[in-house]
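Welcome! Take a moment to look over the sequence and the 3D view, and then we will walk through a few places together.

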Amino acid sequence: MGRHAARSAARRSAQLTPQVLIAAAVAAVVLLAGGITVWAMNAGDGDCESTAVVRLAVAPELAPVAEQLLTGAEGLRPGDCASAEVTAQQPVQTVGDLGALDAADLPHLWVPDSSLWVARAGDAPLETAGSVATSPVVLATSRAAVDALGWTDEAPGWGAALASEQGIAVPDLATSAEALAALGAVRTSLGGGEDAGNAVVQAVLAAERGPSVSAADALAAGSEGAADAPLVPVSEQEVWAANADDEDPQLVAVYPEEGSPRLDHPLVRVGTASAPDAAAVDAAVRALTSDAARSAVVEAGFRDADGTAPAGAEAAGVREAAPQALQLDPAEVQALLAQLSELAAPSRILTVFDISTSMEAPAGDGTRATLARDAAKSTLTLVPGNFALGLWFFAAELDGERDWTEVVPTRQLEAEVEGTVQRELLDEELDTIPDRLSPGGTGLYDTTLDAVRAARADFDPRAVNSVLVVTDGTNEDSQGVDLGELLDTLRSEADPDRPIKVIGVALGPDADLGVLEQIADVTGGAAYSAVDPTDLQTVLFDALRQR
């Protein structure tokens, strides 16, 4: 996998009071975690004039199974002059790519963990060709907690479980199909329809925020057997995988009485493959829906379409018998998510991108500049319309003696601007990053100070206001403020009535992460490192949802 994206300032995770902790994660409306891993198999032999390549983007937990199935599959062997390239990618990241990248840069096949993602992909040309694996969504906690709650023989329904005195830790709704499914299950348990949706919304408005706890920490507490381990909506397969090597597992899956939504891991065709690749795509579809595939997914802790349990189910904290499938309407879940998103305070973000010539350095299949462009464009497609974004570029002495230039003023993404809308205007300007690179170094300190001042002058008391700085270098403007002056000025000019946090992203190994950490500390922001090129989009997703 790519090196894990790191950040230095703590971000509050979602935990609410028992009634509806589920909805707290909506406050962080957008966006993803997780790196990317790529496997390339069967590159063809020396007799091939060319090799047809089928590209697959697969939810990370299923990617090793996909690699196994496609290695040596009929139609994808060296003698077939065909190969498969499997990329382990978080579904939210693929959704962003579908809305931003050219067809040639998209996968031929996509296997997200849930069809809920297909509903979120908008007008992308998608066709579902089957299901690779299934896994029920459950509530994970410790065996001791289940005993204390009296749920050993039977658990209550989704609504009652989440209204119990046990804490709830919910993954971010924007990046987690399990959390979305749990939200849909609560709505369904209340009878569905408009009244049920309104009840969930009212509960969100009434909920009190409690101490923060991440889903990962809650799962760790469950694995350690803590009696107060929070309930966490996860896939059954995640519980199985966590317990697979544990002789006395304490983490168990709770199955609410109405049944469980299923992560169906759909196999989705993206667009129409060109003639040279079409046969390879068809071969991959056959391999991923074969009898061998059904056996492989069960061995990996998933269930097949018939609900066959994984090996050692009971010993691994999950049931042998499949729970009743709780059907969710993806469109209704998406509509409810949009409704809840409107309750969260919007963000007002001045984004500031480095365009110094060091951005020409190679990164992945392109340069740091093309990487920044593509990652930013993909992220932009996922940001809600009530967010306000502006765009600056900076280098050194980019505009006379000034190190930065304003490209797009900060406005709501859905705002109309001279015959277009803000989102499209930003998208067009992000396209120009590789062509704008400027010599002379990086004016990081002056730009940061001016950006904070500009954001404060443009402050919106109804929003979370911040500055997002993406840079691959260190400050090289000897004529401007030094680091000490920058930090002192940021402290002295801080206004508790108009707080501006700085979110710094260090792109590549040459960026000064230490400086960004100091700036983040002074402003209450966060600093991220994207050393591996595959980390940048993940980092931008997380940075833009900083609350």
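This briefing visits a helix, a single residue and a strand. Keep in mind that the model is predicted.

**Helix 8**
- Helix 8 spans residues 215-223, and its buried residues are Ala 215, Ala 218, Leu 219, Ala 221 and Gly 222.
- Looking down the helix axis, you would find these buried residues within an arc of 155°, so they line one face of helix 8.
- On the other side of helix 8, Ala 216 and Asp 217 are exposed.
- The partners that the buried residues pack against are strand 7 (135-142), strand 8 (232-235), helix 9 (236-243) and strand 9 (251-254).
- Just after helix 8 comes Gly 225, with a positive phi of about 85°.

**Asn 243**
- You can find Asn 243 in helix 9.
- Asn 243 counts as buried because its relative accessibility is 3%, and the cut-off for buried is under 20%.
- A polar atom of the Asn 243 side chain lies 2.8 Å from the backbone oxygen of Ala 316.
- Leaving aside residues up to four places away in sequence, Asn 243 touches Pro 249, Leu 251, Ala 316 and Gly 317.

**Strand 12**
- Eight of the eight residues of strand 12 (residues 347-354) are buried, so the strand is largely enclosed by the rest of the structure.
- In a regular strand, side chains alternate between the two faces of the sheet.
- Ser 347, Ile 349, Thr 351 and Phe 353 are buried on one side of strand 12, and Arg 348, Leu 350, Val 352 and Asp 354 are buried on the other.
- Strand 12 runs parallel to strand 19 (residues 464-471), joined by seven bridges, and Leu 350 stands opposite Val 467 in strand 19.
- Seven bridges also join strand 12 to strand 15 (residues 388-399), again in parallel, and Phe 394 in strand 15 is the bridge partner of Asp 354.

Note on methods:
Residues are numbered from 1 along each chain as its sequence is written. This is a predicted model: local features need pLDDT of at least 70, side-chain atom pairs count only at pLDDT 80 or more; totals for chains, interfaces and linings use all residues. Side-chain values use heavy atoms; hydrogens and water are left out. Buried means under 20% relative accessible area, exposed over 50%, partly exposed in between (1.4 Å probe, protein chains only). Helices (H or I, at least four residues) and strands (E, at least two) are DSSP runs, numbered from the N terminus. The arc is that of the directions from the helix axis to the C-beta atoms. Contact means heavy atoms within 4.5 Å. A polar contact is a pair of N or O atoms within 3.5 Å; within protein, one must be able to donate a hydrogen and the other to accept it, and residues adjacent in sequence count only if both atoms are side-chain atoms. Two strands pair if DSSP finds at least two bridges between them.
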